[in-house]
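Hello,

As promised, here is the structure for you to look through. My notes on what turned up follow just below it.

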Amino acid sequence: MTQAGERIRAFVYDRHATMSTFILDIRLDRCRAYAESRDWEIAGIWLDVGDDALGGHRPQFDALCVAMDRAHGPIVCLVDDWDRLTRDASQSSAMRHRIGQTGGHTVTAEGDSDAPAEKARGRLCTPH
């Protein structure tokens, strides 16, 4: 919950290039469990698969950003780990910047966040 009592909406993103979905399912389950443990509402799951998971053109990531742009209230992009965006550092930075432009930030199911320091301080000071 945020200071205003609004529930955080988690926009889950992943990319998956292989045919087997066993590992993908595990990652998505971790994201769901992380969101549930924080009482976040899952706004949806966006998956770039096959060739779209490997290149610079990510149609589902673009769709996620459009959905985040249209959302009201507190929002996060939830990924299992940073590699789920991309393994390329400059592309990851650009993707996280795009998420920031929606008014949200990125959080991993491992508990890492790229939230600006002033937002993080505000959450630390908020009584539960």
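Before the details, one term: two residues are in contact when they have heavy atoms within 4.5 Å of each other. Please also keep in mind that this is a predicted model.

Let me start with the overall layout. The protein chain has 128 residues, and 38% of them count as buried. Its secondary structure comes to 4 helices and 4 strands, and from the N terminus on the elements run β-α-β-α-β-α-β-α. Among the contacts with a separation of 6 or more, 71% are between residues 24 or more positions apart.

Now the sheet. The 4 strands form an open sheet with parallel pairing, in the order β2-β1-β3-β4. At the edges are β2 (41-49) and β4, each of which pairs on one side only. From one strand to the next, the twist averages 30°.

Is β3 covered or open to the outside? The strand is mostly covered, with 5 of its 5 residues buried. In a regular strand, side chains alternate between the two faces of the sheet. Here both faces are covered: I75, C77 and V79 are buried on one side, and V76 and L78 are buried on the other.

Next, the helices. Helix α2 lies across β1, β2 and β3, and runs at about 155° to β2. Two packed helices are described by the angle between their axes and the distance between the axes. For α2 (residues 59-70) and α3 (residues 89-101), the angle is about 25° and the axes are 9 Å apart. Angles under 35 degrees count as roughly parallel, and α2 and α3 are therefore roughly parallel to each other. From α2, the contact is made by F61, C65, V66, M68 and D69, and from α3 by M95, R98, I99 and Q101. Sorted by class, the contact of α2 with α3 has 6 nonpolar, 1 polar and 2 charged residues.

Finally, a residue that links several of these pieces. Where is T102 found? T102 is in the loop between α3 and β4. Is T102 buried or exposed? The cut-off for buried is under 20% relative accessible area, so T102, at 11% relative accessibility, counts as buried. Which residues does T102 contact, leaving aside its neighbours within four places in sequence? They are C65, M68, D69 and I75.

Best wishes

Methods
Residues are numbered from 1 along each chain as its sequence is written. This is a predicted model: local features need pLDDT of at least 70, side-chain atom pairs count only at pLDDT 80 or more; totals for chains, interfaces and linings use all residues. Side-chain values use heavy atoms; hydrogens and water are left out. Axes are lines fitted to C-alpha atoms, for helices over the stretch in contact, and angles run from 0 to 180 degrees between N-to-C directions. Helices (H or I, at least four residues) and strands (E, at least two) are DSSP runs, numbered from the N terminus. Angles under 35 degrees count as roughly parallel, over 145 as roughly antiparallel, 65 to 115 as roughly perpendicular and the rest as oblique. Ala, Val, Leu, Ile, Met, Phe, Trp, Tyr, Cys and Pro count as nonpolar, Asp, Glu, Lys and Arg as charged, and the others, Gly among them, as polar. Buried means under 20% relative accessible area, exposed over 50%, partly exposed in between (1.4 Å probe, protein chains only). Two strands pair if DSSP finds at least two bridges between them.
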